[in-house]
Amino acid sequence: KAPSFLSVKAGDFVIVKAQQVAQTINDQWWMGQVVFCKDFVRNPRVNAMFQVSDVDDGRIRWVNGDDVMHIVRSLDGLPINV
């Protein structure tokens with residue numbers, strides 16, 4: 001079965017599991033909306049890195065596809081205005 005992050009598109013909402021990052025994150029997970037998808041270097045058809053806008057504070061973070069735990073599809077497919 002293919003990983004779920006392969007189908008992530010700009011405008012989708014994602015639940016992200018907090019990994020070890022430079023910024024301090026108090027929660028184990030957070031929710032954000034995908035702003036931009038970067039193609040994976042070895043296969044340009046696979047999205048591996050995403051820019052995600054945190055729904056709580058609006059910060060834009062880079063997220064590895066492996067850290068995406070769940071995808072909630074956007075109805076219109078357009079990013080929210082932050």
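Guide: Strands are DSSP runs of E with at least two residues, and helices are runs of H or I with at least four residues, both numbered from the N terminus. The model is predicted, so that local features need pLDDT of at least 70, side-chain atom pairs count only at pLDDT 80 or more, and totals for chains, interfaces and linings use all residues. Residues are numbered from 1 along each chain as its sequence is written, and side-chain values use heavy atoms, with hydrogens and water left out.

The chain has 5 strands and 0 helices. Arg61 is buried, with 9% relative accessibility; buried means under 20% relative accessible area, exposed over 50%, and partly exposed in between, with a 1.4 Å probe and protein chains only. The side chain of Arg61 makes a polar contact of 3.1 Å with that of Asp54. Such a contact is a pair of N or O atoms within 3.5 Å; within protein, one must be able to donate a hydrogen and the other to accept it, and residues adjacent in sequence count only if both atoms are side-chain atoms.

Trp62 also has its place in strand E4. Trp62 is partly exposed, at a relative accessible area of 46%.

For the chain as a whole, buried residues make up 33% of the 82 residues. Of the contacts (heavy atoms within 4.5 Å) with a separation of 6 or more, 47% are between residues 24 or more positions apart.
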